[in-house]
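I opened this notebook page to record what I looked up, one entry at a time.

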Amino acid sequence: MTSPTLTNTVLYLDGVSVTFDGFRAINKLSLAIAPGEMRAIIGPNGAGKTTMMDIITGKTRPDEGEVFFGGMIDLTMLDEAEIAALGIGRKFQKPTVFESHTVADNIRLALAGARSPFSALFGARNRIAEERIDAILSTVRLTEHRTRLAADLSHGQKQWLEIGMLLAQDPKLLLVDEPVAGMTDAETAETAHLLKEIAHEHSVVVVEHDMAFVRDLGCKVTVLHEGSVLAEGSIDAVSANERVIEVYLGR
Amino acid sequence: MTRRPILLAMLDGKGAIFLGVLAALAVLVPLSNLFLPETSPLHVPTYAVSLLGKYLSYALLALALDLVWGYCGILSLGHGAFFALGGYAMGMYLMRQIGPRGVYGHPVLPDFMVFLNWQELPWYWSGFDIFPFAALMVLAVPGLLALVFGWLAFRSRVTGVYLSIITQAMTFALMLAFFRNDMGLGGNNGLTDFKDILGFSVQAQGTRLALFVATVIALALGYGVARYMVTSTYGKVLIAIRDAESRTRFLGYRVEHYKLVAFTVSAMMAGVAGALYVPQVGIINPSEFSPANSIEAVVWVAVGGRGTLVGAALGAVVVNMAKSWLTGALPELWLFALGALFIVVTLYLPKGIVGTLAERREKRKATATAKTAGIAAEAAE
């Protein structure tokens, strides 16, 4: 496999480091995601998985290193809203939805479109939106919950709703942080299926602990350890890697 | 999904009742005051008209506070500052209307400036003799302060209790500033001894009725503006920010802009409330900036029902009626009663009066639907 160059990647990190109070959370991390690729990122607690997402989405600024989106846009110069507008969607570790809104309204607020307070105050609602909402709700298996409040959904359903909100944003790249934490086995399998469906049209980066789930995804795996890449390859290759077994799988 | 006309969509049951009550007040109170004999039990004496007007200006302040606290989670403990600034703008206009009728008889300078041996009017008093200018300042001064303060606070992502504390500090700082005689705004005595408003005596019965009706109209308009905002997509984003701020940000919304619009509109509403309050009570002084006032306003909203608009207005009127009665009957008990009220509401009525009633009705409706469904199912069998 040829090494990825800047121009044909959707996401490109090179030599990224960030330190919190002397603790090096990310240490010279380099990573490249190709357009349309699905990638799983695994690693023990504290390996820097969530910090990496914070850097990509503009929540944390790296001390050094480069982060490029689509080969040319420097993400380290932008804030969360600007990065979201470029087409990077993020799902949090803990399902985060708007609890006092209905399921449909959650999706509606996420739909790609104008974001300024004035367009929200005076703009008319558009009808095409309703069809998009229906389509997304059916993708994330929530059609019959359309009018329920998000607060009344089960944990797994909230995870799906949040994934639906990401789809509504229509991002080029989806960052998904531990999507199956706290899900039943049936829900986990369903989520793997759902993510694979989504990966047909989007680049997806999944951070996950659950090895069975990562195996279900059937994609390339990157193992993080102490803020940098320890191994990369198919799930079988990394599971056989001795250093990986030592720091992570063996425990 | 068909879209209802905007005005209809805005008006739910509570809103219709609320506006109906306001309309009735605007008509019946002046009629009763003017035409019923004083012996009639339904007669509303003039002092009571102004007292009611004062409650309703507090209701507008509560409404303004509910817009930011109830819908956007911004717990401002300094909204009294915007109210007081609007009040001072109106007070300055009223002072300029006194003209040479002050105790010292100076043709231009208010009494307190003569007393301090000032020779001329400070620059910031110019224009306040013109009502439209003063009215503009009632909106502009609180609005501008909220804009600058909010811009700095929201851009730096100050939220939660930290934001509450700095709003409190803001009103406290303003109180200290307004206490100083050098401010040229009357020091600790404030502005008082008003004579005319728009050429009519502020003491006259007709003026008092007109001020009352103006307050009712302002409250109705304030409700309309707030209700329009919270039912629009903008309002949905506000609630989204309240529930999950970072999620909203990662969806691409500029959270600070949304908060800034709500905070500024709310401050202007509070300014209007203050401007209507001052001619009806006849005085504005720095104690209106006191942090306790702003906290009291938070209690009104909590009692009435946060995030309901109507509840905030209702809470302001109910709590202030209780206050008027209790400070008359047992003055030393009021602060304890206020504290107890806050605790009781937080523990037993977390959604306030209106919120709890609405919830109860929803529940009843749900059981009724379930019952009908049950009966239908039985019939089908």
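I am working from a predicted model, in which local features need pLDDT of at least 70 and side-chain atom pairs count only at pLDDT 80 or more, while totals for chains, interfaces and linings use all residues. Residues are numbered from 1 along each chain as its sequence is written, chains are lettered from A and ligands numbered from 1 in the order in which they are written, and side-chain values use heavy atoms, with hydrogens and water left out.

**Entry 1: Thr191(A).** I looked up Thr191(A), which sits in helix α7 (residues 185-198) of chain A; helices here are DSSP runs of H or I with at least four residues, strands are runs of E with at least two, and both are numbered from the N terminus. Thr191(A) is buried, at a relative accessible area of 0%. Taking contact as heavy atoms within 4.5 Å, and setting aside neighbours within four places in sequence, I find Thr191(A) touching Trp160(A), Ile163(A), Pro179(A), Val180(A), Met183(A) and Phe213(A).

**Entry 2: Gly91(B) and its helix.** Gly91(B) belongs to helix α4 (residues 79-98) of chain B and is buried, with a relative accessible area of 0%. Not counting residues up to four places away in sequence, Gly91(B) touches Leu191(B), Phe194(B), Val278(B) and Ile284(B). Of these I checked Val278(B), which is 187 residues from Gly91(B) in sequence but 6.6 Å away in space, C-alpha to C-alpha.

I then turned to the helix pair α4(B) and α11 (residues 255-281) of chain B, whose axes come within 6 Å and cross at roughly 45°. The axes are lines fitted to C-alpha atoms, for helices over the stretch in contact, and the angles run from 0 to 180 degrees between N-to-C directions. α4(B) is therefore oblique to α11(B), since angles under 35 degrees count as roughly parallel, over 145 as roughly antiparallel, 65 to 115 as roughly perpendicular and the rest as oblique. Residues meeting here include Gly86(B), Gly87(B) and Gly91(B) in α4(B), and Gly271(B), Gly274(B) and Val278(B) in α11(B). By class, this contact has 12 nonpolar, seven polar and no charged residues, where Ala, Val, Leu, Ile, Met, Phe, Trp, Tyr, Cys and Pro count as nonpolar, Asp, Glu, Lys and Arg as charged, and the others, Gly among them, as polar.

Entry 3: Leu25(B), Val29(B) and Asn33(B) of α2(B) make the contact with Thr46(B), Val49(B), Leu52(B) and Leu56(B) of α3(B).

**Entry 4: positive phi.** Asp21(A), although not a glycine, has a positive phi of about 45°; it lies in the loop between β1 (11-20) and β2 (23-33) of chain A and is exposed, at 85% relative accessible area. Arg141(A) also has a positive phi, near 60°, and is partly exposed at 25%.

Technical notes: Buried means under 20% relative accessible area, exposed over 50%, partly exposed in between (1.4 Å probe, protein chains only).
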